[in-house]
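These are my notebook entries on one protein chain. I set out to look up its sheet, one of its loops and one of its helices.

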Amino acid sequence: MERTRNATPRRNPLLAPVVALALLAAGGAGWAGWAGWSWYAAAHDDSAAYAKTRDEVLAAGEQAVQNMNTLDHRDLRRGLDTWQDSATGELRAQLTEGRARFEQQIREARTVTSAKVLSGAVTELDTRAGRARVMVALRITVTPSEGKPTAKQSRLLGELTRTPEGWKLSALGQAPVGSTAAERVD
């Protein structure tokens, strides 16, 4: 009598683990490729670069506006040097030209003025032109040589220009104060 052969072929016991490992490796390579592409895209994203520049402008603008509102008659030279270092263009020229007259006024007034930034915002940013505008809210405290300090809050608008040394104030002025809904009379 003849033996019948089994029609089912024998499977290699190593085939399933090898296929599973190949699938895992392909999945891992795909994940690594996706992660690499995501990192590259984020690092070269224009919106990320714009946001970084906006943050730099805001920090420079707040510091410069604070500098321009802080001055101590006892250390006038350093204070006015800081003002000039914070400015560029026409504003710097005005500070330089009027420095001697202003020094005399501050020496006579004998005041100490300090500013603290309460909040700030970039209102315009043109990275290609190297120009920006900020609005900064400050608390300015003036201490006379005799008497009590007085504090007031102020909102200032600053224009900044990109220079080789970084962003600097090119103009500074008081922000207009408009009426609010509560103040309106119809």
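Which residues are exposed on the other side of α5? I found that Ala100, Arg101 and Glu108 are exposed there. I note at the outset that the model is predicted.

Entry 1, helix α5. I then looked up the buried residues of α5 (residues 99–109), which include Arg99, Glu103 and Ile106. These three lie on the same side of α5, because they cover an arc of only 70 degrees around the axis. I recalled a general rule: an α-helix has 3.6 residues a turn, so residues three or four places apart point the same way. Among the elements that cover the buried residues of α5, I listed β1, α3 and α4. Just after α5, I noted a positive phi of about 55 degrees at Arg110.

Entry 2, the sheet. I traced an open sheet of five strands, with antiparallel pairing and the order β1-β2-β3-β4-β5. Its edge strands, β1 (71–72) and β5 (166–174), each pair on one side only. Between β3 (residues 131–143) and β4 (residues 150–163), I found twelve bridges in the antiparallel sense. Opposite Val142, I located Thr150 in β4. Helix α2 (residues 46–68) packs on this sheet and touches β2 (112–126), β3, β4 and β5. The direction of α2 makes about 150 degrees with that of β2.

I located Thr88 in the loop between α3 (76–85) and α4 (89–97). Is Thr88 buried or exposed? Its relative accessibility is 18%, so Thr88 counts as buried, the cut-off being under 20%. Leaving aside residues up to four places away in sequence, I recorded that Thr88 touches Thr161, Thr163, Lys168, Leu169 and Ser170.

Note on methods. Residues are numbered from 1 along each chain as its sequence is written. This is a predicted model: local features need pLDDT of at least 70, side-chain atom pairs count only at pLDDT 80 or more; totals for chains, interfaces and linings use all residues. Side-chain values use heavy atoms; hydrogens and water are left out. Two strands pair if DSSP finds at least two bridges between them. Helices (H or I, at least four residues) and strands (E, at least two) are DSSP runs, numbered from the N terminus. Contact means heavy atoms within 4.5 Å. Axes are lines fitted to C-alpha atoms, for helices over the stretch in contact, and angles run from 0 to 180 degrees between N-to-C directions. Buried means under 20% relative accessible area, exposed over 50%, partly exposed in between (1.4 Å probe, protein chains only). The arc is that of the directions from the helix axis to the C-beta atoms.
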